[in-house]
Amino acid sequence: MGNKLDPRCQSIYDEYQKCYQEWQTNTEWRQYYHEGNSNECNELLNEFQYCAKEQISRMTGYVPDGELMKIREQVKKRKAAEQQQSQQEQQPENVTVSTQGCDDT
């Protein structure tokens, strides 16, 4: 593979580096110790790793061109839909409070 990185992967990695540097600059060490890394930055790192895996697969002929990224996009969409559904289920429905039978003195 050498040092030739797919431009798509390089742009994702550059975004990750920028995100991590900003997060590191804006985060106090105590917060890092208790909360860990930024979820947003970790997601970018995961995207970069998938992109790099796809590049390796293409170069070795293991997977047809672009198939891993298509699969990854499908997984991301399904995960987002599941997350949205779970958030909707967790939101309380409108509750009507009845004051009927209460003595207003």
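The structure is a predicted model, in which local features need pLDDT of at least 70 and side-chain atom pairs count only at pLDDT 80 or more, while totals for chains, interfaces and linings use all residues. Residues are numbered from 1 along each chain as its sequence is written, and side-chain values use heavy atoms, with hydrogens and water left out.

The confidence score pLDDT is the predictor's confidence in each residue, from 0 to 100. The chain has an average pLDDT of 77, and 75% of the residues score at least 70. Confidence in the chain is highest in α1, at a mean of 90, and lowest in α2, at 72.

S38 counts as buried because its relative accessibility is 14%; buried means under 20% relative accessible area, exposed over 50%, and partly exposed in between (1.4 Å probe, protein chains only). A polar atom of the S38 side chain lies 3.3 Å from the backbone nitrogen of E40. The backbone nitrogen of C41 also lies 3.3 Å from a polar atom of the side chain of S38. A polar contact is a pair of N or O atoms within 3.5 Å; within protein, one must be able to donate a hydrogen and the other to accept it, and residues adjacent in sequence count only if both atoms are side-chain atoms.

Side chains of opposite charge can pair when their charged atoms come close. Three salt bridges are found in a search of the whole structure, a salt bridge being a side-chain nitrogen of Lys or Arg within 4 Å of a carboxyl oxygen of Asp or Glu. One of them joins the side chains of R8 and D6, at 3.4 Å from N to O. Another is formed by the side chains of E54 and R8, at 2.8 Å from N to O. This pair links distant parts of the chain, with E54 in helix α3 and R8 in helix α1 (residues 7–26), 46 residues apart. R8 is partly exposed, as its relative accessibility is 37%. D6 is buried at 12%, and E54 is buried with a relative accessible area of 2%.

The side chains of R78 and E82 also meet in a salt bridge, at 3.8 Å from N to O. Both residues lie in helix α4 (residues 67–90), four residues apart, about one turn of the helix. E82 counts as partly exposed at 46% relative accessibility. Salt bridges that share partners join D6, R8 and E54 into one network.

The structure holds four aromatic pairs. Rings of Phe, Tyr and Trp (its six-membered ring) pair if their centres lie within 6.5 Å; planes under 30 degrees apart count as stacked, over 60 as edge-to-face and the rest as tilted. The ring centres of Y13 and Y16 are 6.0 Å apart and the planes are at 40°, so this pair is tilted. Y13 and Y16 both lie in helix α1, three residues apart, about one turn of the helix. Y13 is partly exposed at 28% relative accessibility, whereas Y16 is buried at 14%. One aromatic cluster is formed by Y13, Y16, Y20, W23 and F48.

The charged end of K53 sits over the ring of Y50, 5.4 Å from the ring centre; the criterion is NZ of Lys or CZ of Arg within 6 Å of the ring centre and within 35 degrees of the ring normal.

Note on methods: Helices (H or I, at least four residues) and strands (E, at least two) are DSSP runs, numbered from the N terminus.
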